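This report goes through a few features of the structure shown below. It begins with a term that is needed for reading the rest.

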There are 2 protein chains.
Amino acid sequence: MYSIILAGGSGSRLWPLSRDLYPKQLLNINSDKSLLQATFARLCELMPVENIVSITNGKHLSNVKGQLAEYSKDVSVLSEPTAKNTAPAIAAATKFIMTKEEDPIILVVPSDSLIKNTKNFVSTVNKAEKLAQEGYIVTFGIEPSYPETGYGYINVLKQPLLDGFRVKEFVEKPDLKTAKKYLEEGTYYWNGGIFMFKASVMMEELKKYQPHIFEVADEFDFSKNSIIEYNVFNKMPSISIDYAVMEKSDKIALIKLESDWNDLGSWQSIYDVSPKDENNNVLIGNVVDIDSKDSLVYSSSKLVSTIGMENTVVVETEDAILVCDKDKTQDVKKVYEILKEKHDDRHLIHKTVYRPWGFYTVTAQGDGFLSKLIHVNPKQKLSLQSHNHRSEHWVVMSGKAKVILDSTEYILDKGNSIDIPLKAIHSLQNPFDTDLEIIEAQLGDLLIEDDIIRYEDMYGRV
Amino acid sequence: MYSIILAGGSGSRLWPLSRDLYPKQLLNINSDKSLLQATFARLCELMPVENIVSITNGKHLSNVKGQLAEYSKDVSVLSEPTAKNTAPAIAAATKFIMTKEEDPIILVVPSDSLIKNTKNFVSTVNKAEKLAQEGYIVTFGIEPSYPETGYGYINVLKQPLLDGFRVKEFVEKPDLKTAKKYLEEGTYYWNGGIFMFKASVMMEELKKYQPHIFEVADEFDFSKNSIIEYNVFNKMPSISIDYAVMEKSDKIALIKLESDWNDLGSWQSIYDVSPKDENNNVLIGNVVDIDSKDSLVYSSSKLVSTIGMENTVVVETEDAILVCDKDKTQDVKKVYEILKEKHDDRHLIHKTVYRPWGFYTVTAQGDGFLSKLIHVNPKQKLSLQSHNHRSEHWVVMSGKAKVILDSTEYILDKGNSIDIPLKAIHSLQNPFDTDLEIIEAQLGDLLIEDDIIRYEDMYGRV
């Protein structure tokens, strides 16, 4: 069995913890694993690591690779050259898998749902496999526990089909009255976006309902490398797999997901799945609370003190704080959109910015200057680069640095410093075994990330 | 006429904006002046600058002097060598004033109340002066507008005494039922801590009711300088002027304060006095709100986003955030006490720490290192000092620095840097006309403020 992890997704609904460049699947809340890592670990119970293929946007590639590197050094991560919704991504990833095995069973899972009971998940997958072998595209339905209006539903015929049901129809997000009716009828399930198929069956159905995608997918050449060519991918329409195939095909079966499931689509749902204290609060991080109840308070760095709050969500990050009525957490998306409109970068990035080589934080900013704390992981190096508008000064705070400056190499120990003049060609490198931390003091008339000319880069960013 | 501004006071009730080392009177909320500065400016309408004497704790001295320097270069600020409540402070300041004039009228005011209508305040003071000339200690009573249980009350006899009333008794903070009774009776006033007396009258009453304070006060010698000697001051008991004199003397009169008055004793009262928007919100700083009402949201630096909140106070500072039910803002004091018990410095100081020469902010901290952004005001210098546990590295980010390092003098321009080795005797100075900003990178086994040996200091801190 093979698996495709859909690891795209935006960062709007769990803002300010999630950002456009650091979305939900990369977060770990109340866990030592991110949702992506937990998803990957769950699949490892079902198949060898090398059978798991993740696909994500280019902008998340280094973070996804970085998080999965903990499981395997040569994990397969495909990068979508442009955003095209799920159908093109699944078509490309399926073609990629078919270069390894002619016609395997493929399990497709989102990277950002929470499933705690892996054993039951595995047993559902095993049941689904029989249906997939019979030529069905099997979708995993979640039995609704309340009349949710935020999910799509799948309606099934009552008579069983092996361990599942034949799907009658996919229906859009209902209003509350309709959702209540669905709940009563007992043949409606939530659509959790998990499904399984034989590669050849999916390709046949694409051929039948999305011939253009099918034809373009044939142009992919994964025989030499795992790069999805922009010129090929870009020819595909932007369409979801539900709309492209699932809602049209007559080969769709549903199997009831036997484990727990939560899409963690809002702070309300994070609260719901988290362990509570005696006042029904979820207090995470450096929190001093007096007399609050039914609230979620998340501190990532600063002290947060709450007094007498009820049914409230407080989320603190280094550069933005959210205080929200717990019943209105869907509106967080509106804040995200407001920031986007205002060109306020806080919808996009955290104060700490992750790069393939490590991360940095802007620690101080003033008229004509800026300082950063730069963290370079072992064996990593920043590109060979120059700046037209700023000089830099580096001080090594921990570890050891190798610096290339105008073709000369310097080794800097803790406490050593070096000047990087305007326009000098330079690279900061950490070829050593321990983390490197430096303070960078920038001086200049224009202090922006875009003021960079790259000459060489081990991550292909030239 | 002379005046004493009582500028002590702790920072517990407006935490996290106020701190032990940066209390309420130093804050400016919705104003370009701090409460202390507004108090000083109000008194300037009544008397020459040199007749206004402030008295504060040693720990606030440089901040108080710094804020008042905007009004006059040689403003009188007395420093209490130890905390002894209001009676000893008033006795000392009265003696100080009596070295300038034999028996003047003295107006005593707290530094942290808000009075917007200066004209009416001045007219009340003028009426009070007549009573003070007649030998009364005149207290300014605030007519209660609701049954407040957080203030002390003053009960007066009904028949007028000049423009005021003779005081019958001072009463403690009442319960709600008693407060309602006071409101109905119409002879009860709030005690706002403002009063006026002839110096000789106060000294006589001290002699009668607090002979020990009176005797010790005679030992002060302000003929040469304005220093309150620790050895003298420390002999005094710690007692409030209310308890020491006001509640005992039969020479107490009350005059009704004709202006507005607010003690700004809680975030609730800050909300009350602030202008509201159409949703009855007070939104200060970088705030994005959706559908909140009746709330106060104060951002000092980060983005704060509020969604659907009601009757809530949110206060953001660089290192601590408060989210509080607006009806429970009195409990902020409890958080302050909890932090004090936990030895969490956030009750004491802000991330930005004010010094006589300017201020600094810790911008980054890691294993064995720490970095600061240091701001030195023009014509100021840090002490000549050395450290036993850390080396330092300085980079000039703006302005120009003079550095003394082991008796050698260096001038550093923007972008220049210098190493300060372990135990080297050094001083950072700004003899120039513009602000100096440097980044300091500290490296060492123990990175604490106490690791400092001072050899010379222009602010007397050796």
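**Terms and basis**

A residue counts as buried under 20% relative accessible area, as exposed over 50%, and as partly exposed in between, with a 1.4 Å probe and protein chains only. The model is predicted, so local features need pLDDT of at least 70 and side-chain atom pairs pLDDT 80 or more, while totals for chains, interfaces and linings use all residues. Residues are numbered from 1 along each chain as its sequence is written, chains are lettered from A in the order in which they are written, and side-chain values use heavy atoms, without hydrogens and water.

**A surface patch**

A:Ile453 lies in strand β27 (residues 453-456) of chain A; strands are DSSP runs of E of at least two residues, numbered from the N terminus. With a relative accessible area of 34%, A:Ile453 is partly exposed.

Together with A:Ile425 and A:Tyr455, A:Ile453 forms a nonpolar surface patch of about 220 Å² accessible area. Patch residues have over 30% relative accessible area and no salt bridge, and nonpolar side chains are joined within 5 Å. A salt bridge here is a Lys or Arg side-chain nitrogen within 4 Å of a carboxyl oxygen of Asp or Glu. Areas come from the Shrake-Rupley method with a 1.4 Å probe.

**An open sheet**

In chain A, 6 strands form an open sheet with antiparallel pairing, in the order β16-β17-β18-β26-β21-β24. Two strands pair if DSSP finds at least two bridges between them. β16 (352-355) and β24 (417-420) of chain A each have a single partner strand, so one side of each lacks a neighbour in the sheet.

Strands β17 (residues 358-366) and β18 (residues 369-376) of chain A pair over 8 bridges. A:Gly366 is opposite A:Phe369 in β18(A).

Terms used:
Helix = DSSP H or I, 4+ residues; strand = E, 2+ residues; numbered from the N terminus. Patch = residues over 30% accessible without salt bridge, like charges linked within 9 Å, V, L, I, M, F, W, Y side chains within 5 Å.
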